[in-house]
Amino acid sequence: MHTTKLSSKGQVIIPKTLRSRYNWNTGQKLSVIDTGDGILLKPSHTFRKTELEKVAGILKYSGKAVSITEMEEAIKKGAREHKQ
């Protein structure tokens, strides 16, 4: 188990062995999650800004086309099932 101290500025040093194990380098963005029993640090994965036209081509669908009405009904059904 590793220990560290909280500085007067609220900063914590993550031991080098852990930074190396998780490949966290200077400037690494971390999500701080309150678990109720402590704090969990996880790397923040950010996506590069892009446009729909550049990525829509990867969303292949080979089935029958679905109407907007059918999509809306499926969403309503999913919401009802989730509520139960």
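A residue is called buried when its relative accessible area is under 20%, exposed when it is over 50%, and partly exposed in between, with a 1.4 Å probe and protein chains only. By this rule, 4% of the 84 residues of the protein chain count as buried. The structure is a predicted model, in which local features need pLDDT of at least 70 and side-chain atom pairs count only at pLDDT 80 or more, while totals for chains, interfaces and linings use all residues. Residues are numbered from 1 along each chain as its sequence is written, and side-chain values use heavy atoms, with hydrogens and water left out.

The overall dimensions come next. The radius of gyration, taken over C-alpha atoms, is compared with a globule rule of 2.2 Å times the number of residues to the power 0.38. For a compact globule of 84 residues the value would be near 12 Å, but the protein chain has 22 Å. Along the principal axes, the C-alpha atoms fill a box of roughly 60 × 40 × 25 Å. Contact means heavy atoms within 4.5 Å. Among the contacts in the protein chain with a separation of 6 or more, 3% are between residues 24 or more positions apart.

Two pairs of residues illustrate distances within the model. Gln-28 and Arg-80 are 52 residues apart in sequence, and their C-alpha atoms are 40 Å apart in space. Tyr-61 and Ser-20 are separated by 41 residues in sequence and by 41 Å from C-alpha to C-alpha.

The secondary structure can now be followed along the chain. Helices (H or I, at least four residues) and strands (E, at least two) are DSSP runs, numbered from the N terminus. The protein chain has 3 helices and 2 strands, and their pattern along the sequence is α-β-β-α-α.

Between α1 (16-21) and β1 (30-34) there is a loop that contains Asn-23. Although Asn-23 is not a glycine, it has a positive phi of about 55°. Asn-23 counts as exposed because its relative accessibility is 56%. Gln-28 also lies in the loop between α1 and β1, and it counts as partly exposed because its relative accessibility is 31%. Not counting residues up to four places away in sequence, Gln-28 touches Asn-23, Pro-43 and Ser-44.

The two strands follow. Strands pair if DSSP finds at least two bridges between them; here, 5 bridges join β1 to β2 (residues 39-43), and the strands run antiparallel. Leu-30 has Pro-43 as its bridge partner in β2, and Val-32 has Leu-41. Together β1 and β2 form a hairpin with 4 residues between them, and Gly-36 in the turn has a positive phi of about 90°.

Tyr-61 is exposed because its relative accessible area is 61%.

Lys and Arg count as positive and Asp and Glu as negative, whereas His and the chain ends are not counted; the place of a charge is NZ of Lys, CZ of Arg, CG of Asp or CD of Glu. The protein chain has 16 positive and 8 negative side chains, and the centres of the two sets lie 13 Å apart.
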